[in-house]
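Student: I would like to go through this model with you. Could we take it one topic at a time?

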Amino acid sequence: MRKPLVAALFALVITGAGAAPAVAAPAPESAPAHTSASAVTADTKAAPTLQAVSLAGTVALSNCSGSVVRFPNSADTDPALVLSNGHCLETGFPEPGEVIVGQTSSRTFGLLNSAGTKVATLRAAKVVYSTMTDTDITIYQLTSTYATIKNSYGISALTVQNTHPTAGTAITVASGYWKRLYNCNVDGFAYRLKEGDWTWKDSLRYTSACNTIGGTSGSPVVDQATGKVVAVNNTGNEDGERCTVNNPCEVDAGGNVTVHQGINYAEETYQIPACFTTGNKLNLAASGCVLPKP
């Protein structure tokens with residue numbers, strides 16, 4: 001989660017993608033310009049229609065990626081939200097067990113269109129929720145509504161899916177920081193993913209084609225069949241080390257540890273909508289909300 005941007009950039013130039021994990025890039029001095037489903041025959045079940053995912057609705061942070069998101073019950077008049085990683089929080093990594101709610105923020109985000117062109121600067125009003133416990137997310141509330149963003153810039157928010165993703169699904173990791181798309185599939189799920197002092201639950205593992213690098217942290221992971229966000233990109237095992245920073249390991253229910261060098265991960269987001277009520281207001285006591293509480 002702390003790989004220097006210069007190293008990530010070097011890997012990108014030399015290898016075309018690099019094996020660096022999907023981690024936050026330190027703020028630059030200047031902004032940078034296997035589980036498979038059972039086989040079925042074509043006449044018994046049609047394959048999902050895949051769609052090209054673009055960068056529309058993604059945002060660039062000073063050191064990470066993110067996206068403007070809404071939930072199934074969000075209204076156009078609600079204050080818009082930005083989703084990124086907990087380890088992308090501008091005040092530093094939340095400690096294990098720490099949950100931050102309602103923290104003042106005036107952070108800015110570069111809003112991108114489908115071509116990756118910046119069309120606006122959005123501003124946060126506050127950090128609604130941030131943690132690196134069980135998951136790795138930060139959710140910002142903006143000073144703009146969804147309707148304002150749509151009417152002013154023609155950009156719609158991405159909808160967060162409220163059901164668990166499925167192994168084998170075709171996905172796109174859309175990085176607003178790098179203005180780059182990574183396409184692969186959901187390889188499977190890690191019961192626990194441990195990195196340094198942090199542990200995440202039920203993490204999503206990519207197939208090797210999503211070789212994300214520093215600065216892609218916080219990117220939305222989009223289901224190509226539905227266009228909905230199913231996870232938020234956050235880390236990967238760079239050196240083959242076991243459970244260290246930048247080298248997460250998988251731990252199964254029996255405590256067995258597995259290391260997948262060069263493989264990257266995301267944290268699922270289907271649990272988030274249940275924690276937000278009318279007006280996009282956070283309610284950690286709401287029925288079905290399982291996010292960690294302060």
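**A hairpin and its surroundings**

Tutor: Strands β9 and β10 form a hairpin with 4 residues between them, and K179 in the turn has a positive phi of about 55°. Strands here are DSSP E runs of at least two residues, helices are H or I runs of at least four residues, and both are numbered from the N terminus. This is a predicted model, in which local features need pLDDT of at least 70, side-chain atom pairs count only at pLDDT 80 or more, and totals for chains, interfaces and linings use all residues. Residues are numbered from 1 along each chain as its sequence is written, and side-chain values use heavy atoms, with hydrogens and water left out.

Student: How many bridges join β9 to β10?

Tutor: There are 6 bridges between β9 and β10 (residues 180–195), and the two strands run antiparallel. Two strands pair if DSSP finds at least two bridges between them. Within this pairing, A170 stands opposite N185 in β10.

Student: And which residue stands opposite V173?

Tutor: That is V221 in β12. Strand β12 (residues 220–223) is joined to β9 by 3 bridges, and these strands also run antiparallel.

Student: Changing topic: how many salt bridges does a search of the whole structure find?

Tutor: The search finds 5 salt bridges, each defined as a side-chain nitrogen of Lys or Arg within 4 Å of a carboxyl oxygen of Asp or Glu. One of them joins the side chains of D134 and K201, at 3.7 Å from N to O. This pair links distant parts of the chain, 67 residues apart: D134 is in the loop between β6 (118–131) and β7 (137–145), and K201 is in strand β11 (residues 198–206).

Student: Are D134 and K201 buried or partly exposed?

Tutor: D134 is partly exposed, with a relative accessible area of 25%. K201 is also partly exposed, at 38%.

Student: Which residues are linked in a network of salt bridges?

Tutor: The network links D187, R205 and E250. The side chains of D187 and R205 meet at 2.9 Å, N to O. The side chains of R205 and E250 meet at 2.6 Å, N to O.

Student: How buried are D187 and R205?

Tutor: D187 counts as buried at 6% relative accessibility, and R205 is buried at 8%. E250 is buried as well.

Student: One more residue: where is S67 found, and what is it in contact with?

Tutor: S67 is found in strand β2 (residues 65–70) and counts as buried at 0% relative accessibility. Leaving aside neighbours within four places in sequence, S67 has contacts (heavy atoms within 4.5 Å) that include G57, V59, L81, L158 and P220.

Student: What are the overall counts of helices and strands?

Tutor: The protein has 2 helices and 18 strands. Of its 294 residues, 52% are buried.

Technical notes:
Buried < 20%, exposed > 50% of the residue type's maximum accessible area, 1.4 Å probe, protein only.
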